[in-house]
Amino acid sequence: MSIESGSYTALLTPYSDGGDKINFTSIAAMIDRNIDHRISGLYVGGSTAKTFLQSYDERVSVLQETAKLVQGRTRLIAQVGDMNPRTSHKLARIAADAGYDAISAIPPFYFKYDSAELLDYYRTLSSVTNVPFVIYNIPALTGVIMGAGQITELLNLPNVIALKNTTLDYYAMEQIIRENPDKLIFNGYDETALSGLAVGACGVIGSTLNVQGNKFVDLYKAYHANDAKKSRELQSEINQLIDAIVPLGVFRSLKYLLDLEGIPMGDCRAPFRPLSDDGKYQLAKAHEKYLSR
Ligand code: MN9
């Protein structure tokens with residue numbers, strides 16, 4: 001399938017055996033749940049998956065098994081970025097062979113590269129396969145800050161079709177969208193999905209869709225039906241859950257909320273700490289209030 005506008009879930013990684021094993025049974029259940037929520041596709045191996053706490057072999061098996069379990073029922077984007085570009089090249093080939101609809105990558109991190117080096121990095125990586133490519137801009141985690149002009153250069157590379165933009169700078173996002181009318185620009189922060197749509201984003205890719213994907217699908221519909229009131233109500237509903245989970249830790253909370261839905265997720269890997277009993281209690285209340293309707 002080709003990548004289109006809409007709402008995409010950045011998949012979490014479920015673990016078993018105290019974090020030693022990836023729980024593919026739970027991945028299968030998560031995929032089915034997302035498809036029931038009518039999402040447009042899945043973003044695999046990104047920040048939400050806590051990919052950089054996984055070995056290379058684990059990353060390969062998550063990419064391959066997820067594609068096998070999806071069986072063409074929804075769109076798939078593989079995040080292959082790494083500190084080492086050679087690893088990214090290998091993962092890109094694996095994602096292409098596994099049938100991914102797009103390949104995406106953060107810029108390489110730790111070492112600091114100038115804009116020409118980053119352009120080269122994306123030129124090479126996006127041409128490793130023929131699969132369409134999605135740039136992933138998330139400066140809060142990578143520490144790589146790219147301006148609208150630099151991002152436009154990346155978007156003009158031959159195989160690049162889209163950007164996942166996780167920043168709160170909607171002035172820059174509007175510039176990027178204006179300069180690149182033929183590209184798909186996805187909004188990254190769930191709490192400002194509507195702000196993204198308002199400056200012309202084509203949809204969202206985010207973590208809280210793991211538990212409330214249906215609300216993003218409805219928000220997208222309401223926005224395109226010119227229903228400002230409903231759009232704002234839905235963003236507000238989305239944010240009430242986000243407000244409840246941010247103080248407890250977004251990813252461990254999302255995992256626990258899925259535990260409560262009967263999908264065992266395990267904790268985030270150390271050094272992320274597990275949820276406290278009080279955190280679990282608060283999440284059970286949040287689940288009851290926001291997700292059990
Ligand atoms: O890009 C995610 N960004 C980060 C996606 O994790 C930094 C978002 O989906 C956030 O998790 C979400 C909650 O803050 O907006």
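C268 sits buried in this predicted model, at 10% relative accessibility, where buried means under 20% relative accessible area, exposed over 50% and partly exposed in between (1.4 Å probe, protein chains only). C202 is buried too, with a relative accessible area of 10%. A disulfide is a covalent bond between the sulfur atoms of two cysteines. A search of the whole structure turns up 0 disulfides, counting a pair of cysteine sulfur atoms within 2.5 Å as one.

Residues are numbered from 1 along each chain as its sequence is written. Since the model is predicted, local features need pLDDT of at least 70 and side-chain atom pairs count only at pLDDT 80 or more, while totals for chains, interfaces and linings use all residues; side-chain values use heavy atoms, with hydrogens and water left out.

Next come the salt bridges, of which the structure holds 12; each is a side-chain nitrogen of Lys or Arg within 4 Å of a carboxyl oxygen of Asp or Glu. One of them pairs K215 with E237, with the closest N and O atoms 3.3 Å apart. This pair links distant parts of the chain, K215 in helix 9 (residues 209-224) and E237 in helix 10 (residues 228-245), 22 residues apart. Helices here are DSSP runs (H or I, at least four residues), as are strands (E, at least two), numbered from the N terminus. K215 is buried, at 10% relative accessible area, whereas E237 is partly exposed at 26%.

Helix 10 also holds K229 and E233, 4 residues apart and so separated by about one helical turn. Their salt bridge has its closest N and O atoms 3.1 Å apart.
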